[in-house]
Amino acid sequence: MLLITLGSGFLVFLMALGLCVKAWPILRLKSLGEILFSSSWHPLKGDFGMLPFIMGTLWVTGIAIIIAVPISLLTAIYLSEYAPKRMKEFSKPFIDLLAGIPSVIYGVWGILIIVPLVKDHIAPFFGVYSSGYSVLSAGIVLSIMIFPVIIHITMEVFHSIPRELREASLALGATRWQTVKHVLLRKSLPGIVAANVLGFSRAFGETMAVLMVAGNIVKIPLSVFDAGYPLPALIANNYGEMLSIPLYDAALLMSALVLFVVVIFFNVVSRYILHRINLRIS
Amino acid sequence: MDAKPHLQVKNLSVSYGTTAALKNISVDIPDKKITAIIGPSGCGKSTLLRAFNRLLEDGDEVSISGQVLVDNEDIYDPRNDITQIRKKMGLLSQKPYPLPMSIFENVAYGPRIHGIKKNRMDETVRHYLTIAGLWEEVKDRLHEPATRLSIGQQQRLCLARGLAVEPEIILADEPTSALDPKSSQKIEAEFKVLKNDYTIIIVTHILRQARRLADYVLFIYLGELIEHGPARQIFENPQHEMTKEYIQGIIS
């Protein structure tokens, strides 16, 4: 059992190592700057600029975060500070359930609901034409997928704050909202940041649902209604095909490495913050 | 009773779910005196104290009946603004809970939410820190986080913070139980001075503290008010058998 445990721990390092080794050929030929910041992606000509994909990922993740953060923060505040106990007990399992839905279902739901919504209502409202398959659609779908993570962790952070601290503020004649704003949010800021970073890292790496609605066109999106091609979609769509093209394989694994490093980095940072908060409580 | 009552409790009952925490309590709390609520732990002392500034109702499944009158106004009257009621009472809890901000901001917090002018804030903060006997110790580090103070200093900071909203009544819930003897002594000394201007209600399970401080005493046992009266009478000539036993240390 010790070996199995150690083995699964090591797996992370093995994967990182494997990706590095496989991505090595392209790193030897081209500078990291060229790979990350060139927007020319022509595998047949030997151009492997990943900027369109990186920008696609950033757009989608950014939109998801902009939508998800305020909504989940307000939900968490409402559920933990205002809602009657019954409401809280009733809605919490549903929110957690959202996290368990397979992402392909989010993808299908995105195609059926969100894509037409963007195409027929949101884009025309701004006087723009859009096929609906866009970074906006992907961002909306993604934001719903990361709600549960952010809400759940934020509520736990609120829960860790002693009741007496809220009472100290209330007893001074502060309203509930003043207490939330000046005391609760301030006290739990690191935890809220960590919760959102964890949501962010999930959004960054999410593949299936995004791939289904983002449009997948190799171009840097210029507006929210443009299609985008996020990194995970690039890998999932292309790995295993056309691998006879020189360096193609290494380029895809390079993009996987980029994704891996970013997600691991954010995960470690947010878990470290949450760990510190737990230490403070106990 | 010679002094006029500041706070009157009439038929107050509180229950958590189906458990009764306070049973039909009626008592007058004298103005500008220290009133001690004594009794064994879990008997409802804190519940009674928290009923006075309506902190109880934040819990789930709490039912409250009866009246609590402050200056002849029922604080449970739904027409009353809860923040105004709470503003009338400063709360000092068992452990100090400084707000997550600087020493200065802790004291300024109350006045600020009640709209005191910015240019008077320095003076206000200084004034209340002085009253709480903390000014000399913190005047050079007002903008440090409050959590860097010692626990005794934090408790005095909480006192200053409570006084800064200009309450009439100070509610103290075993305010020295987390403190060392020296800090406790400071808080007790503060109370003796403050009672000239405020009505103080202190919950304590330390009988000696009640003897040192109290002018008036309420003895509560299992949610019932067994006996109340001037401190001297309760301690030297208790009328009720149970009070006698508690004071002699037979029950605790």
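**Close-ups of a two-chain predicted model**

**View 1. B:Leu12 sits across from B:Ile25 of strand 2 of chain B.** This is a predicted model, in which local features need pLDDT of at least 70, side-chain atom pairs count only at pLDDT 80 or more, and totals for chains, interfaces and linings use all residues. Residues are numbered from 1 along each chain as its sequence is written, while chains are lettered from A and ligands numbered from 1 in the order written. Strand 1 (residues 5-16) and strand 2 (residues 19-30) of chain B run antiparallel, paired over 8 bridges; pairing takes at least two DSSP bridges. Strands are DSSP E runs of at least two residues, helices H or I runs of at least four, both numbered from the N terminus. The hairpin leaves 2 residues between these strands, and B:Gly17 there has a positive phi near 60°.

View 2. Contact means C-beta atoms, placed from the backbone, within 7 Å.

**View 3. A:Val141 is among the residues with the most contacts inside the largest nonpolar core, which has 147 residues.** Such a core joins buried Ala, Val, Leu, Ile, Met, Phe, Trp, Tyr and Cys through C-beta atoms within 7 Å; buried means 20 or more other C-beta atoms within 10 Å of a residue's own. Helix 6 (residues 135-159) of chain A gives the most, 17 residues. Leaving out residues up to four places away in sequence, A:Val141 touches A:Tyr106, A:Gly110, A:Ile114, A:Ala209 and A:Val213.

Terms used:
Buried ≥ 20, exposed ≤ 12 C-beta atoms within 10 Å, placed from the backbone. Contact = placed C-beta atoms within 7 Å.
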